[in-house]
Amino acid sequence: MKIYTVDRNGAGQRFDKYLFKLFKNAPTGILYKQLRCKNITLNGKKAKGSEILVSGDSVRVFMSDETIARFSGENISEGSAKADSSALCVVYEDDNIILADKPAGVLSQKAAPDDVSMNEYLISYLLSSGMKKESLIAFTPAFCNRLDRNTSGLMLGGKTLAGLQGLSGIIRNRSLEKYYLAAVCGAINESGRIEGWLCKDERANKVRVEEHEFAGSSKIVTEYEPIAHKGGFTLLKLRLVTGRTHQLRAHLASIGHPILGDPKYGNRRLNSEYGIKRQLLHSYEVVFPDMEGALSYLSGKSFRTEIPWKQKI
């Protein structure tokens, strides 16, 4: 027999989903049978599996150690073990969420099993900060937004289920305001708003942007404001009104102002001349909307990071 105590990571989810994560190698039917036979109980009572867990709930599993070991599995990826916990640059952190500054060249999410992405750095950081491995069985903290590999800047992560759900919600409904800084080719003297239509070529991992709607396209909207000029380049503050793959890079290139250093949509001659091998694009500020629920304390707050490539502009 083994006893599990639900912590903040496991709270807020259905009991059966918690069990599916706890015993990921067990057939679904067997887990429900164990519930019916009271071989798995919740707070000492028979449970259906539909109960919503709260922190402190006690789960008793009346199975042999061998069976428990066979049904359960390690939830820490090899990538997390390889990630250096000290490499995560934390901008803000509380009990529910974490904001970190992603360096250029680091993946937001892994593309292959052996990759080390921002999520692996997050898990390594949390474990080094005192989180127990057992807590990751019920819920795995993760970042909610994605940045291109060679784009730097703010990433938002949920440390608890409530945190992850809250962040995902405001990203999905676009109420979170996201601002970027970019060094672009050419002179832009006035603020503006550009709209267009974007479609991604999955095989080429490249998008196409047109002024008018076309088959398979989605509408994109970008706002920009010039901050400074230097040597035929402009530092722009960008507001991502919609969020599509490569939107800022492709949208700016479509109006004749590609981001300096962009190898895919940029000016290759200028990139080579200035020796810049990554796009000078940085996610530098987020502003939270008015919120209710677990993250209401973040309403109206803003967070930003420094530009990592000031010396280049």
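Helices (H or I, at least four residues) and strands (E, at least two) are DSSP runs, numbered from the N terminus. By that rule, the protein has nine helices and 15 strands.

This is a predicted model, in which local features need pLDDT of at least 70, side-chain atom pairs count only at pLDDT 80 or more, and totals for chains, interfaces and linings use all residues. Residues are numbered from 1 along each chain as its sequence is written, and side-chain values use heavy atoms, with hydrogens and water left out.

## The whole protein

The C-alpha trace spans about 75 × 40 × 35 Å along its principal axes. Buried residues make up 48% of the 313 residues.

Contact means heavy atoms within 4.5 Å. Take the contacts between residues at least 6 apart in sequence. Of these, 64% join residues at least 24 apart.

Accessible areas come from the Shrake-Rupley method with a 1.4 Å probe; for residues, only the protein chains shown count as cover. The protein exposes about 15700 Å². Carbon and sulfur atoms supply 47% of that area.

Next comes charge. Lys and Arg count as positive and Asp and Glu as negative, while His and the chain ends are not counted. Each charge is placed at NZ of Lys, CZ of Arg, CG of Asp or CD of Glu. The protein has 45 positive and 34 negative side chains. The centres of the two sets lie 4 Å apart.

Helix α5 covers residues 118–128. Nine of its eleven residues are buried, so α5 is largely enclosed by the rest of the structure. Among the buried ones are Met118, Glu120, Tyr121 and Leu126. Just after α5, Gly130 takes a positive phi of about 115°.

Helix α8 covers residues 247–254. Here six of the eight residues are buried, so α8 too is largely enclosed by the rest of the structure. They are Gln247, Leu248, Arg249, Ala250, His251 and Leu252. What do the buried residues of α8 pack against? They pack against strands β9 (177–185), β10 (192–201), β11 (206–210), β12 (218–230), β13 (233–240) and β14 (281–287). Just after α8, Gly256 has a positive phi of about 85°.

His246 sits in the loop between β13 and α8. Its phi is near 55°. Asn205 sits in the loop between β10 and β11. Phi of Asn205 is near 50°.

Is His246 buried or exposed? His246 is buried, with a relative accessible area of 8%. Asn205 is partly exposed, at 34%.

## Surface patches

Patches are made of residues with over 30% relative accessible area and no salt bridge; like charges are joined within 9 Å, nonpolar side chains (Val, Leu, Ile, Met, Phe, Trp, Tyr) within 5 Å. A salt bridge is a side-chain nitrogen of Lys or Arg within 4 Å of a carboxyl oxygen of Asp or Glu.

Which residues gather in a patch of positive charge? They are Lys33, Arg36, Lys38 and Lys46. Lys46 lies in strand β3 (residues 45–46). Lys46 is exposed, with a relative accessible area of 53%.

Met1, Ile3 and Phe62 make a nonpolar surface patch of about 290 Å². Ile3 is in strand β1 (residues 2–5). At 42% relative accessibility, Ile3 counts as partly exposed.

## Two residues and their contacts

Leu147 lies in the loop between β7 (142–143) and β8 (152–158). Glu223 lies in strand β12. Neighbours within four places in sequence are left aside. Leu147 is then in contact with Lys102, Ser108, Ser152, Gly153, Leu154, Met155, Tyr180 and Ser283. Glu223 is in contact with Gly192, Arg193, Lys237, Leu238, Arg239 and Val241. Leu147 is buried, at 8% relative accessibility, whereas Glu223 is partly exposed, at 24%.

The table pairs each residue with a second one and gives the C-alpha to C-alpha distance.

| Pair | Apart in sequence | Apart in space |
|---|---|---|
| Leu147 and Glu51 | 96 residues | 36 Å |
| Glu223 and Leu176 | 47 residues | 15 Å |

Terms used. Buried < 20%, exposed > 50% of the residue type's maximum accessible area, 1.4 Å probe, protein only.
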